[in-house]
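Colleague: Could you walk me through how two parts of one chain meet? Please keep it short.

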Amino acid sequence: MDEQIAVVNVQEQLVYARPRALTEETTNYCPGCTHGLINKLIAEVIDELGIQENTISVSPVGCSVFFYRYLVLDGVVAPHGRAPAVAIGIKRMLPDRVVITYQGDGDMAAIGMSEVVWAAMRGENITAFFVNNANYGMTGGQMAPTTLAGQVTTTTPEGRDVETMGMPTRMAELIAGLPGSAYVARCSTYDARTIRDARNAIRLALRAQMAEAGFTMVEFLSACPTNWGLSPQGALQWIKDTMVAYYPLGEIKVSEAVQRLKTKR
Amino acid sequence: MAKELLKGNIAIAEAALRAGVDAYFGYPITPQTELLEHMSRRMPELGRVFLQAESEIAAINMVYGAACTGAWAMTSSSGPGISLMQEGLSYIALSDVPAVVVDIMRGGPGLGNIQPSQADYNQLTRGGGHGDYRCIVLAPATVQEAIDLTVLAFDLADKYRTVAILAGDGLIGQMMEPAQLPPMRERSRTRPPWALTGARGRPPNSIAAFGLEAETLEAMNWRLQAKLQRIRQTEVRCETWLVDDAEILVVAFGSVGRIAKTAVREARAHGIRVGLIRPITLWPFPYKPIEQAAAHARAVLVVEMNTGQMVDDVRMAVCGQAPVYFHGRPGGSVPVPEEILERIVELSKED
Ligand SMILES: Cc1ncc(C[n+]2csc(CCOP(=O)(O)OP(=O)(O)O)c2C)c(N)n1
Ligand code: SF4
Ligand SMILES: [Mg+2]
């Protein structure tokens, strides 16, 4: 259209670009899914820290199974729930590389609870990115350990009954309670402020790993509009109004070593 | 190097070290625990990686991760632990990375017991986990052979980028025998080009045992099958003994192969024309040698420490040329030469 002609003579200055560590291919995520945004934030921080050529990713089984491809890194897909064990196998062989896992809430908090707890117990120098969308996204919206009390899913048609299914799992607090964890934060991506906080948490977790501080984890409250039956905007609102009340945002554990890193910058 | 008196489990561990294993991940279970214990001391001594995992599921996935970096990684276990590893083995098989697993078999099913057994034949030779794949399975009959096959397991796993399993029955793990260990190998391996090491100066490598589209996964499957076919054509190993004129053919593997040998020797002394085939690779299975030996046999006798697992493969190999009989002892009972001899004598009297 003719409007294009109007922008001649303006000094071009690149103020924003796709992170180098992020794929150019179109992702498989649904519209409004925040997996994509979280992938991008991780890629941005990897660029910023200059560790793209030094980082190895471990993908889960779930909607983000393609994480190994969406991030332009060496990567492997672990069996459902076993990403921490696979990551430990890598890290023990290549201790000077940055090793990251990316896991859903079904993947980590249900089937993979043992592997992640033991990774944290041993203080393994890996970073876990944990995406809590309060359901099993990939398999069509069943109850996850993180599904809220009363939340309707395809396997809790009357809402999650905490009398029989227990209370939702707070993974960040659980991992923070283990001696080997060095840094644990819970973030979200529903507005500019939470996105900025999430980026900061990712950065600190990776820096902590590089300083061999121990196990690090960043939990994200993430939107699954498809299975929640909400619009993309409505899903973000639901995180803000409903999820955050049970899953408080913020830094849950900062070890002394990580605190020193934080002030060092 | 001179022979020394060695317990099977220790001999296998030491052979793995000398073959060049980079990382060991394991979990205690009788009758293989000495292997884990030996590694806990020796691996750090040599500056290599040892980690006692929280479960066999974790152990095999740690092996997977280490193998993805191009390292030589291994684990060891027994029946129940091997059952837990099957998902991981299936992933490793489609991923084209090398891994070595030792299974010192015990009595099953369930918790079974810790007595010697060959109850894992089916789960080891059929793939065991989900999908179309096989693992190379090597079955030693002596401590010396356990050492030699452990070294071979690493070489085959590396050559074909696949899972190689050393399948010892409990007797092999617990027995002490004079045997000779190989010298420590030089380990000057460079990381293979497919390894995950960080994408420095090259496009990223990825390892994924999955293909979303039907065409993708079909192609991956056929590629895997082509590799397995190459293994079938080149890696079959068995011991054949006195089969040329044998009217009765005995087939037995591992410790039972050795026990059966004593029975065959006795039977020969009685003038019975009997021979023995002892499969060394349980997969790929020695179908051809058994088929050929069965062509001039009146009867085939399979002896196992289970209720009859390898016997199915033998039936396939014999393919109706002769009747196939079975003698088995499950649950940790070990057949003695006399009971095998009795079956041979019985068969020699039939016409
Ligand atoms: C051993 C095993 N059990 C079950 C499955 C099926 N499965 C695939 S993805 C998935 C759930 C993923 O949910 P979550 O981890 O919450 O990730 P999301 O898709 O929500 O991001 C399940 C159960 C599987 N692939 N493997
Ligand atoms: S199902 Fe949910 S988690 Fe999965 S891609 Fe769609 S919105 Fe995202
Ligand atoms: Mg989920």
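This is a predicted model: local features need pLDDT of at least 70, side-chain atom pairs count only at pLDDT 80 or more; totals for chains, interfaces and linings use all residues.

Colleague: Which residues in domain 1 of chain B lose the most area to domain 2?
Modeller: The area buried between the two domains of chain B is about 2300 Å². Carbon and sulfur atoms give 55% of that area. On the side of domain 1, three residues together make up 31% of what is buried there. They are B:Gln118, B:Tyr121 and B:Ala139.

Colleague: Which residue forms a salt bridge with B:Arg126?
Modeller: Three salt bridges are counted between domain 1 and domain 2 of chain B. In the one with B:Arg126, the closest N and O atoms are 2.8 Å apart. The partner is B:Asp313.

Colleague: How many nonpolar residues are on the side of domain 1 of chain B that touches domain 2?
Modeller: In domain 1 of chain B, 32 residues are in contact with 24 residues of domain 2. Elements giving two or more residues to the domain 1 side include α6 (143-160) and α8 (214-234) of chain B. That side has seven polar and seven charged residues. Its nonpolar residues number 18.

Methods. Residues are numbered from 1 along each chain as its sequence is written. Chains are lettered from A and ligands numbered from 1 in the order in which they are written. Side-chain values use heavy atoms; hydrogens and water are left out. Contact means heavy atoms within 4.5 Å. Buried area is the accessible area (1.4 Å probe) that two parts lose on being put together, summed over both. A salt bridge is a side-chain nitrogen of Lys or Arg within 4 Å of a carboxyl oxygen of Asp or Glu. Helices (H or I, at least four residues) and strands (E, at least two) are DSSP runs, numbered from the N terminus. Ala, Val, Leu, Ile, Met, Phe, Trp, Tyr, Cys and Pro count as nonpolar, Asp, Glu, Lys and Arg as charged, and the others, Gly among them, as polar.
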